[in-house]
Amino acid sequence: MIASLLAQAGDWTSPSIDWAALAPEIVLAIGVNIILLLDLQLAETKKWAIATITGFVLLGSFVAVVVLAVTGDGARSLFDGRYVVDDYALILKALFLLAAYVVVLLSQTELEEGGYYQGEFYVLLVCSVLGMVMMASARDLVSIFVALELLSIPAYMMAAWNKRNRKSNEAGIKYYLLGVFASAVLLYGMSLLFGATGSTKLTDIGAALLDGDLIGLDVVAVVFVVCGFAFKISAVPFHQWAPDTYEGAPTPVTAFFSVATKAAGFVALMSVVFIAFPGADGVYQPLIWVMAALTMTFGNVLALRQTNIVRMLAYSSVSQGGFILMPLAFAGEPGVGPAALNAVIVYLIAYAFMNLGAFAVVIAVTRKTRSGEISSFGGLFSYAPGLAVAMTIFFASLAGIPPLAGWFAKFNAFKAVLDAGTTAAYVLAAIAAVNTVIAAAYYMRVLRVVWMDEAPDGDTSPVKSPAPVVAALAITVLGTIVLGVLPNLIARAGAIDALTGAFAG
Amino acid sequence: MSDATFLEFVVFFSAAVMILGGAVGVITMKNPVHAALGLVLTLFGVAVQFVAMQAHFLAAVQVIVYAGAIVVLFLFVIMLLGVDESMDLSIEPIPIQRPLAAVMAVGLVGLVGAAIVRARDALIIAPGDGIATAADAGTHDANIKQLATNLYGDHVFAFQLTSVLLIVAVAGTVLLTRKWPKDVADTESSDA
Amino acid sequence: MSVYLREYLTVVWFGVAALAIGGLLLGLAALVRPSKPSYDKGIAYESGVDPVGIGWSQSQIRYYVFALLFVIFDVEAVFLFPWAANVERYGTFGLVVMLVFIVLLLDGLVYAWKRGLLRWV
């Protein structure tokens, strides 16, 4: 009986799996389960241990990434090129893990003092990071979609973490509804792409789109896929969820959204643009050009009018997204591809440090003032000079003032755009230059309040920051300064010739 | 028109009417329960289309998971919120929204429709060329085999991580019903 | 193709038969019975007591929680079918893959159980 069944089994060979290449993901997946089960056993007073364990899980995964990067000889390609661990993937995995670690540091005291659920928060955070780490390697529409859902669905819940607060619930529901809508648009685009090319593998899609003229179906599919990712990176006109979600969600979660989730959206967009869409550059380039120009302008103009610091950072994050998007508008121009890729990666790294840092300062200060209004930051220098200096560093970096990380990132983005040398490139660079000036205005306005104004209620008792927040501040300040002073470090990290499997030129 | 293609046409046409009719019902019905039943019609129509494309397994899954489990979930949500407290949907926060949405919808349908019609010539695939179908394999369970070969072959990693996604869903379910861990005063958190 | 669709014709005949029998019985009853409608006959029967409120009432969240858990394990079953239909083909590799999948989900179930989600309070 069994013999006859086995005889029917047919020619099927199990895929050979390079387990070492999957180590970062496996560590995270095991970590999720450990945290989940441990949370059941721990008494309410010992929940702080969960944050520590989460830190170790992220560290374990980070070590695996570093080992892969050091010992790696070229790209490791799994599942017939559907999952690739190359330099590009590794550097972004490291970025996601580091950003998540800083978010854990920021969340720790916030969760304990606010009386939030703690165990589940870290479970969801690690699940979300697992999705991002997977996204960095995914080279297939199926795994890209699973990764996107894995990183988004926990994020919807984290946005509504403050269950008793109406604004937090609003943040969660808005993010959820628009996120699901974006997933639907993306999925429709993916299904059309599959229908038009007959494959879900990005390299195959790339070959099919390069082969012959684009038909209308390809164009619609490309537009839908790019728009689906545009929701994730909150590019205008798909940004409406961002300010309300950022304001309503707990601040550490906002920091996570504005840096890690956004970076994951960019990673997916880059994988698709560079590997699958070289044949469709005539379609996605104008689309991204318009989105980049609108995103930075709208984000900046609206940020100018905000009086709440978190809302201002939300719009500033939208506008920074426009700058990150800018080089991708010329990704298909001959010879610009590698420069655009580098510019985006460099910007993502620099932006992660400075934006997480800005949120860390806001968290540290609002612990004392209990207010998100910009005016409540008055006199910060007189009673918390350390925080005031840190805030100055982050905001100056966000504004693009040398010699900080943000300056080098902006410089690289401009260089990549000007390399293209077309009229469209010069116009976009001009728009970006004007926006840099507008952005500097509102960053400086906050700094003026911090340095010049008096404390609003005359309360100049010092701010006592808990150790994890101080650690987060130290990491981000160090990152922002070192990357600015030694730009070679970050430039080398971003110096990736091409994504594995991408078509040259 | 031969007998066989006529039969295909009838099946396709009736399923398409079910899908579109159900979809229109979902957005026009005043009673949310009726809207949910419209959704059942749509999902069932999709299952019929799957059958017409020889995807038995997907058709079965479509009926079991979507038309069965997920619509039941929808009905529970509707019952949870209470049907009698229906909101007045005629109030418009932004007046131009609805006409704009209608224009967008028509434009999108036109665009995608035109793209598909024009793609027809470019995408004619001869049998055995490109995506293999169950008919090529000739056996009844070829369909499910094909699916499994993909699922446990090249997409096995994505499949494994789907289980993590399901854990996230369980955690979300727990969060829905869990009591707040610490007794923080409502006034403190509601105005933050 | 037509042979294939003709196999599914059974389903159609089955549906037609269901409709026909139902229609026939109800139609016959409508022909035979006397028809004298009144308001009292139209109201819902609640053990002889006059009904209060309308027919729809708000249900509790625990129904929803069970339905949600059901969907989660329904999806798991969907993944199990293609594997089970041809289990020997995938050998040890398939066994390990499916075990990992099930263990991960069991983990979720244990968690839900310990959190008291399966208790009907």
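Visitor: Before we start, what puts two residues in contact here?
Guide: Two residues are in contact if their C-beta atoms, placed from the backbone, lie within 7 Å. Keep in mind that this is a predicted model.

Visitor: OK. Which residues does F96(A) contact, leaving aside neighbours within four places in sequence?
Guide: V129(A), M132(A) and V133(A), plus A260(A), A263(A) and A264(A).

Visitor: And in the largest nonpolar core, which residues touch the most other members?
Guide: F96(A) again, along with M135(A). That core holds 253 residues.

Visitor: Which helix gives the most to it?
Guide: Helix α14 of chain A, residues 337-369. It supplies 24 residues.

Visitor: Switching topic. How many residues of chain B are in contact with chain A?
Guide: 36 from chain B, against 37 of chain A.

Visitor: Which elements of chain B give two or more residues to that side?
Guide: α4 (97-122), α7 (156-177) and α8 (186-190). The largest share is from α7(B), with 12 residues.

Visitor: How does that side of chain B divide by class?
Guide: 23 nonpolar, eight polar and five charged.

Visitor: Now α3(B) and α4(C). At what angle do they pack?
Guide: About 170°, with axes 9 Å apart. Angles over 145 degrees count as roughly antiparallel, so α3(B) and α4(C) are roughly antiparallel to each other.

Visitor: Which residues make the contact?
Guide: From α3(B), they include F57(B), V61(B), L73(B) and F76(B). From α4(C), they include Y63(C), Y64(C), F70(C) and D74(C).

Visitor: What's the class count there?
Guide: The contact of α3(B) with α4(C) has 21 nonpolar residues, no polar ones and one charged.

Methods:
Residues numbered from 1 in each chain as written. Chains lettered and ligands numbered in written order. Predicted model: local features only at pLDDT ≥ 70, side-chain atom pairs only at ≥ 80, totals over all residues. Core = buried A, V, L, I, M, F, W, Y, C linked by C-beta atoms within 7 Å. Buried ≥ 20, exposed ≤ 12 C-beta atoms within 10 Å, placed from the backbone. Helix = DSSP H or I, 4+ residues; strand = E, 2+ residues; numbered from the N terminus. Nonpolar A, V, L, I, M, F, W, Y, C, P; charged D, E, K, R; others polar. Axes fitted to C-alpha atoms, helices over the stretch in contact; angles between N-to-C directions. Parallel < 35°, antiparallel > 145°, perpendicular 65-115°, else oblique.
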